[in-house]
Amino acid sequence: MSTSTTASSIGQPLSRIDGPAKVTGRAKYAAEHAADGLAYGWVVSSAIAKGKVKAIHEEAARAVPGVIEILTHKNRPHVAWFDRSYRDQVAPPGEPFRALYDDEIKFSFQPLALVLAKTLEAARAAAALLRIDYIQEEPNTDFENSLEKAYVPPKKRSGIPAPASRGDAQKALDEAHLKVTADYASAAHHHNPMEMHATTVIYGSDGALTVYDKTQGSQNVKSYLVGVFGLANDKVTVRNPYVGGAFGSGLRPHYQVYLATMAALYLKRSARVTLTRQQMVSHVRRPETFQSMALGASEAGGLQSIINSAVTATSTFEDYQENVVNWGVGAYRCADAAADYKLVALDTPTPGDMRAPGAATGMTLFECAMDELSYAVGVDPLQLRLLNYAEVDPISGNPFTSKALREAYDIGAERFGWGKRPSEPRAMRDGNELTGWGMATGMWDATFQKTSARARISANGGLEVATAASDIGTGTYTIIAQVASETLGLPTANIDVKIGDSDLPASPIEGGSWMAASSSAAVQLACQSLGTRLFEAAQDLDGSPFKDIKFEAVSFNDGRIIAKDDPSRFLSITDIMKRADLPSLEVVETAGPGLSGMVSQVKKARATHSAIFAEVKVDDELGVVRVTRIVVAVAAGRILNPKTARSQIMGGVVMGMGMALHEESMMDTRFGRPMNHNFAEYHIPVNADIHGIDVIFVEEEDKEVSPLGVKGLGEIGIVGTAAAIASAVFHATGTRVRKFPITLDKLI
Amino acid sequence: MIPFSYIRAGSADEATAAGKEPATWFLAGGTNLIDLMKETVERPARLVDINQLPLDQIETLPGGGLRLGALARNADTAYHPTVEADYPLLASAILAGASPQLRNAATNGGNINQRTRCYYFYDVATPCNKREPGSGCGAINGVNRIHAILGASDQCIATHPSDMCIALAALDATVQVTGPAGQRSIPFADYHRLPGDNPSKDNTLQPGELVTAIDLPDGKFTKNYTYLKLRDRLSYAFALVSVAVAMKLEGGAISDLRVALGGVAHKPWRRPEAERQLLGRAPDDAAFSEFADALLDGAVGQGENDFKIPLARKAIQRALRQAAAGTPQSQVDKRIA
Amino acid sequence: MPPQATLQPAAPAFDVKVDFSLTINGRKHSFSVEPWVTLLDLLRERLDLTGSKKGCDHGQCGACTVLVDGKRINSCLKLAVTLDGSEITTIEGLADGDRLHPLQQAFVEHDAFQCGYCTPGQICSAQGLINEGRARTAAEIRELMSGNLCRCGAYTNIVDAVEEVVRQGALHKEAAE
């Protein structure tokens, strides 16, 4: 079975197949599904961070015409009792948050009431008129001043590796020729996808619920709703055909889906809840991170010791954990390394995974320390990385399934012109501006998750491929179409990709950069299996041209099955269907780890790598930083679609630029409240901030990491970006900023 | 947003008669008022829609100068040929602010009446003397990176957020108003006020008074001027510090100078006496440094915004150099001239 | 500890409706709605024109950008009643049947979006930018498209797409002259 290359084949820069729907406004997001008699929900959030609800004054709110009901902890319907009913696939250890459960307030902006009305405007007005009295307690939201209280989480979060130490790092540090110690901090970040979290629940005539939720995993939300509300499995379907960005904020079910579902069940009518942009600080964030590093090196710059300790914030009711420290101890060859990871519990919502969770901070901050080491040793930053290049995974000692990082360094440096970099800071001046060049390494896991897919061909030759995957802007629709197109030799116009529906074959949550590898494998398997079935049906036909040949001897092209050695022997798929009297043909297949040559995950290390180079220009007097050039070379296995892949990397880089220069949740620790809770004061990059971003994919053949050799791209673009920029800022100015974001006040 | 009653005014008299009633607001472009109403910071009982009033003209004044109608849009003002040719400082300042969409909707009258971006003013869960007199100031000892270093009080440390107003202050504009007591002209320096003991009042308008126009005097600054804005990202962000400079040079000496600062006080910040000190001086670094010190005399940081004092000092000097050199700051090229 | 807000609103007027009409994507609509309904909510909730997006509801992101009499504005900050008699163009009104508008086509080809949520606003904003005629260079496009946030970070592709259409427009203009 083979096909020839077409515009839609794997590896071709096919434009997004969901593009026309998105550019015309036809694509419907979670809050855009219409329903008769829809009840609009408006969440009333807590003004205080800790304490109790003393009284809720509803009279004025209930007097607003159009108000249907106001749900609070006092009148909410029954929900599950046990914490386990609220635990979703990615929940950390602890007690998941339950909105409107009781009178206790655990964080500022906690939802305390849901106003339901016949119009959006009535709900909004009534919410503004609802008055709540509080019993206030002193909150603690001061991360920096709570570091002493950091603790080792007693229960580990599933999937997060324990801090990995080896040898005797302290002794090695003591004996090292050179030592660099550096404490770094990164602010809390809000995901702030452009679409605010929203859910529309359509209440069916039979009481069944169709839930359009902003989520990265429809099946995760479905099982959550089944658990919390005790619903029958066949009475709820969760859909997310279009997701307006998420970046990890849609991994766990959030309170909007809980409240919208509660409202629909209670009112027995359709309901919608949309958070405001201000409330987008109220459910999840990338935690505040503090990282303390000590590096010991030989005179030549060989790493002799790494000590990497990190503290991140969590809530008082869940121990959110991420892998912050193993990136640093796992990136370079070094015999002795120690890692340590602790949490600080604050009166805030539970933080959560945000693009490259743990690595965007942990690897980036570690790379800043590597930059400091390069100056201490007097070695070029790139040379320092090459000098300590890890040929095998330093943590496990296992070889990599593939690692073309060296090539990435070479190609990236060449494209950037790194060879012309003066070694001293403040050496490149252009009028009022100082130019600086910096670089960093990026790393992320290349993982693969068990995924099922269905392929169904109908009599007219139309192919439907389906899996409960999500496309959060990642290009899932498009790569699935490409894999199906190539496997069965059909044009994408004949392929209908169905994703974003919990009723479809099982798929993991969209996250962790595993979606492309996993869904492509499942779709390929299903299409191959369907191809086999088609071939068998063709063989069974009277006068079949394939009677005497095997499956391996045919190819699928242009909607036909063709004998490879005699192209005059062929049958079109529609002919086969018609002559075999098949209205449709359908298969479901599951791809799991261990498939077709994939190595066992314990025998080899699996990772994506990148080398990122940044040029900044900094006004010497005023501290204004402009990032004028980024070159990023990525080694991520096989690239299914270079157009969408490039966008993924660029997006990660832009978010990394935000992390480097702009993003910071500003907490008023007296009130326990983040104060810049909008898009005017929580700065993310705008168009004017972004110049050229040169993305290079380094060739990296990998037959073991996943069936198609795909590693995934969602996270790698952000990892290290802020370090490259910080290192460029130091190279430009001679000022080392150890606390992100690097705002101009830190440079004047 | 809390429901309100709505009146569409057919004339300025109708508008001002309605406008003097309690809890009544004029509605023009809405870019600030609707934003604040959604936050429930503003809770008018009644809105008087003035968009139908014939106040959107930009016309040359008989005695010289230019009249900017209160309802002329910010973008139309910035791109007006006379403004571009004769008042490039104003055009530059307008284009440094907000976004093209907002500039298309926002009016000149609305711009000068826009309210502070103080986090606490915007968040009704927190105290704010400006929003709710007597509740206290959340920003003092709080999150105050964007707050005032000049002219603040122990009641309020908010800043005025407009870019356009900083240029208008430097250009010695006059605000024309009409109201229940008739028409009057307010010099721009007297239009906005410092917070003092009454931070809820941003300006000196009386109840029912409506801004009808902003007049620019004949004095044109077309060569030695600049609007330099420093902010936390390169566009679509409020100023941390901004500087408007209008300068005239004769025979190698400064013959006229107006400098206004944005982002540092409750109103555009000017010190005419400091400007006068520079007249007759050569436009050199020593003069600029002295001037920066004089303009910032008495500046006090609040903690997180301490950096604004050195930043403003450097920005003033840089802007003066830009103006003296005739190399005004581009609002497109983000490299600072 | 923050004191509780004690400010009491004036007695709200709930039963107000105002008559007005708008031409939306070439079709005239008459309305009788409350004055506090924004243009964005009118489009999304009452006309099912959900192409215009709500990304912040406060004029801070540009996702709701539409054209009013050819000018781009944030529809979230505009009370619909104040636009009586205006012509509104939304993303749904740009394509010519099944044929995409040149900006829509360029956005698809340049992959000028990922999640697609800011996209209608970006495209309407770009059309407004072209109408304004103030952007010729990439730097000018970057600055004058800065009122539209894109959290997916598609900015450079957006600039490429807009620049292509701006350049085509300049060529057409030249050819016509």
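The legends below describe close-up views of a predicted model.

**View 1. Domain division of chain A and the contact of domain 1 with domain 3.** Three domains make up the division of chain A: domain 1 (33-138 + 193-276), domain 2 (147-189 + 285-446 + 606-746) and domain 3 (449-591). The centres of domain 1 of chain A and domain 3 of chain A, taken over C-alpha atoms, are separated by 39 Å. Their contact draws 19 residues from domain 1 of chain A and 14 residues from domain 3 of chain A. On the side of domain 1 of chain A that touches domain 3 of chain A, two or more residues are given by each of α5 (218-229) and β10 (236-239) of chain A. α5(A) provides four residues, the largest share of that side. Classed by residue type, this side of domain 1 of chain A holds six nonpolar, 11 polar and two charged residues.

**View 2. The annotated segment at residues 24-139 of chain A.** An unreviewed UniProt entry assigns to residues 24-139 of chain A the annotation "domain: Aldehyde oxidase/xanthine dehydrogenase a/b hammerhead". In the model, the chain over residues 24-139 of chain A is 13% helix and 30% strand. The end C-alpha atoms of this segment are 47 Å apart.

**View 3. The contact between chain A and chain B.** Chain A contributes 32 residues to the contact, and chain B contributes 27 residues. On the side of chain A that touches chain B, α3 (120-129) and β24 (607-619) of chain A each supply at least two residues. The largest share of this side, four residues, belongs to α3(A). The side of chain A that touches chain B comprises 15 nonpolar, five polar and 12 charged residues.

View 4. β15(A) and β16 (residues 433-445) of chain A run antiparallel and are joined by three bridges. Within this part of the sheet, A:M428 stands opposite A:T435 in β16(A).

**View 5. A cis peptide bond in chain A.** Most peptide bonds are trans. The bond from A:F740 to A:P741 is cis, with omega near 5 degrees. A:P741 is placed in the segment after β29 (739-740) of chain A.

**View 6. The two domains of chain C and their contact.** Chain C is divided into domain 1 (18-93) and domain 2 (102-176). A distance of 21 Å lies between the C-alpha centres of domain 1 of chain C and domain 2 of chain C. In the contact, 15 residues of domain 1 of chain C meet 13 residues of domain 2 of chain C. β3 and β4 (71-74) of chain C are the elements that give two or more residues to the side of domain 1 of chain C that touches domain 2 of chain C. Three residues, the largest share of that side, come from β3(C). By class, the side of domain 1 of chain C that touches domain 2 of chain C has six nonpolar, six polar and three charged residues.

**View 7. Two aspartates with positive phi in one loop of chain C.** Most residues other than glycine have a negative phi. C:D48, in the loop between α1 (39-46) and β3 (65-68) of chain C, has a positive phi near 55 degrees. C:D57, likewise in the loop between α1 and β3 of chain C, has a positive phi of about 70 degrees. C:D48 is partly exposed, because 13 other C-beta atoms lie within 10 Å. C:D57 has 26 C-beta neighbours inside 10 Å and therefore counts as buried.

**View 8. The buried residues of helix α2 of chain C and their cover.** In helix α2 (residues 102-109) of chain C, the buried residues are C:L103, C:Q104, C:A106, C:F107 and C:V108. The elements covering them include α1 (19-24) of chain A, together with α3 (119-132) and α5 (155-176) of chain C. After α2(C) comes C:D111, with a positive phi near 50 degrees.

Technical notes. Residues numbered from 1 in each chain as written. Chains lettered and ligands numbered in written order. Predicted model: local features only at pLDDT ≥ 70, side-chain atom pairs only at ≥ 80, totals over all residues. Domains from an automatic or database assignment. Contact = placed C-beta atoms within 7 Å. Nonpolar A, V, L, I, M, F, W, Y, C, P; charged D, E, K, R; others polar. Buried ≥ 20, exposed ≤ 12 C-beta atoms within 10 Å, placed from the backbone. UniProt positions renumbered as here; feature names shortened; annotations may be inferred. Pairing = 2+ DSSP bridges.
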